Amino acid sequence: MKKITRLHRALLLLGLFIIAPQLLAKNDDVETEYGLAVGWRQDSLDWNIAADITGTATPNILSELTWDPLNMLQIEAFADHPLRNKWLLIADGRYALIYSGKNQDSDYLGDNRTIEFSRSNNAANGGELYGFNLAIGYRLGSQPRLKSSSVGVIPHLGWGYAALNVEITDGNQTIPSLGPFQGLNSSYDTQWKGFFTGLKFYYDSGRYTRLSLQLRQHYLDYYAQADWNLRDDFAHPISYTHEANGEARTMTLTLDYDFTGEWTARLSVSREQWKTDPGIDTTYFSNGTSSQTRLNVVNWESTSIMLGVFYSY
């Protein structure tokens with residue numbers, strides 16, 4: 001996966017060098033769009049580690065953490081800024097607050113999640129999400145939002161960053177059945193960043209409505225750090241870290257309704273799937289030592305529904 005990531009980095013830099021002279025002036029015949037949206041999203045996050053660095057020792061899944069569901073309120077800003085000769089600058093950014101969630105922490109003695117000897121089912125009612133994407137695209141097809149209907153596709157290449165920071169509180173030990181316990185306030189903070197390629201298909205009826213579908217493939221570097229506050233044998237505030245490469249596939253379906261000629265309402269539905277390759281879990285102990293084992297996988301999925309408005313000029 002590192003080779004793929006480096007290849008996309010090289011292609012992006014080469015592409016920007018080639019097209020930079022063409023991007024110096026805006027095409028005044030094409031509309032610029034800026035907008036805001038608010039909405040609801042629901043995410044799930046899980047990861048598990050093996051008993052050793054190779055992943056071949058028993059158990060092959062030693063510990064597994066799951067946050068599901070994570071319910072959030074999200075605000076998003078977006079912009080399509082036309083440049084020159086059908087080139088576009090495409091940008092979006094988002095921030096979300098987690099208002100409710102659930103967590104499960106399980107440990108096993110046997111392979112494939114067997115002989116579960118410890119489980120806690122906890123709250124995850126805090127945390128946040130934020131991120132942005134920035135891309136250069138080229139329009140193939142007619143310009144949308146004219147008086148007549150239009151259809152086209154915008155291939156684009158860009159770089160993105162996303163952070164999901166989750167918490168674990170209100171501990172409740174269910175295996176063995178010991179019940180609630182006090183003081184749990186742990187955190188797991190993730191970062192996903194890297195280059196992506198995308199295609200945006202659109203159809204404009206020329207009479208108030210436009211429909212678009214955006215597909216993206218991300219190539220990612222993953223990093224996370226955690227503070228396990230009830231473990232006195234762990235270091236604080238960084239008890240362990242995770243590092244891996246990964247990828248993501250995202251899809252957004254958007255319906256626009258032009259109600260004034262300059263102001264347009266937008267309804268969008270998005271689905272995202274993020275996943276890492278096997279990586280490294282490094283645990284830091286309070287005595288100054290550390291150890292490593294295999295990070296088997298990290299999975300992050302989300303669904304969001306957003307309602308917004310944007311201005312065109």
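Tutor: We will go through the cavities and then some backbone features of this predicted model.

Student: How many cavities of 30 Å³ or more does a search of the whole structure find?
Tutor: The search turns up two. The largest cavity has a volume of about 600 Å³. Its lining comprises 38 residues, and those closest to the centre are Glu76, Asp92, Arg94, Gln214 and Thr252.

Student: Which strand gives the most to the lining of the largest cavity?
Tutor: That is strand S13, residues 263-276, which contributes six residues. Sorted by class, the lining holds 15 nonpolar, twelve polar and eleven charged residues.

Student: Let's turn to the backbone. Where is the cis peptide bond that has omega near -10 degrees?
Tutor: It runs from Ile175 to Pro176. Pro176 sits in the loop between strand S8 (172-175) and strand S9 (179-180). Another cis bond joins His236 and Pro237, with omega about 10 degrees. You will find Pro237 in the loop between strand S11 (209-227) and strand S12 (240-258).

Student: Which residue has a positive phi of about 55 degrees although it is not a glycine?
Tutor: Asn112 is one, and it lies in the loop between strand S3 (87-110) and strand S4 (114-123). Ile115 also has a positive phi, near 55 degrees, but Ile115 belongs to strand S4.

Student: Is Asn112 buried or exposed?
Tutor: Exposed means over 50% relative accessible area, so Asn112 counts as exposed at 55%. Ile115 is exposed too, with a relative accessible area of 55%.

Terms used. Residues are numbered from 1 along each chain as its sequence is written. This is a predicted model: local features need pLDDT of at least 70, side-chain atom pairs count only at pLDDT 80 or more; totals for chains, interfaces and linings use all residues. Side-chain values use heavy atoms; hydrogens and water are left out. On a 1 Å grid over the protein atoms alone, a cavity is a set of points where a 1.4 Å probe fits but cannot get out, and a pocket is an open set with protein on both sides within 12 Å along at least five of seven lines; lining residues have an atom within 4 Å of a point. Grid points are joined across faces, edges and corners, and a volume is the space filled by probe spheres set on the points. Helices (H or I, at least four residues) and strands (E, at least two) are DSSP runs, numbered from the N terminus. Ala, Val, Leu, Ile, Met, Phe, Trp, Tyr, Cys and Pro count as nonpolar, Asp, Glu, Lys and Arg as charged, and the others, Gly among them, as polar. Buried means under 20% relative accessible area, exposed over 50%, partly exposed in between (1.4 Å probe, protein chains only).
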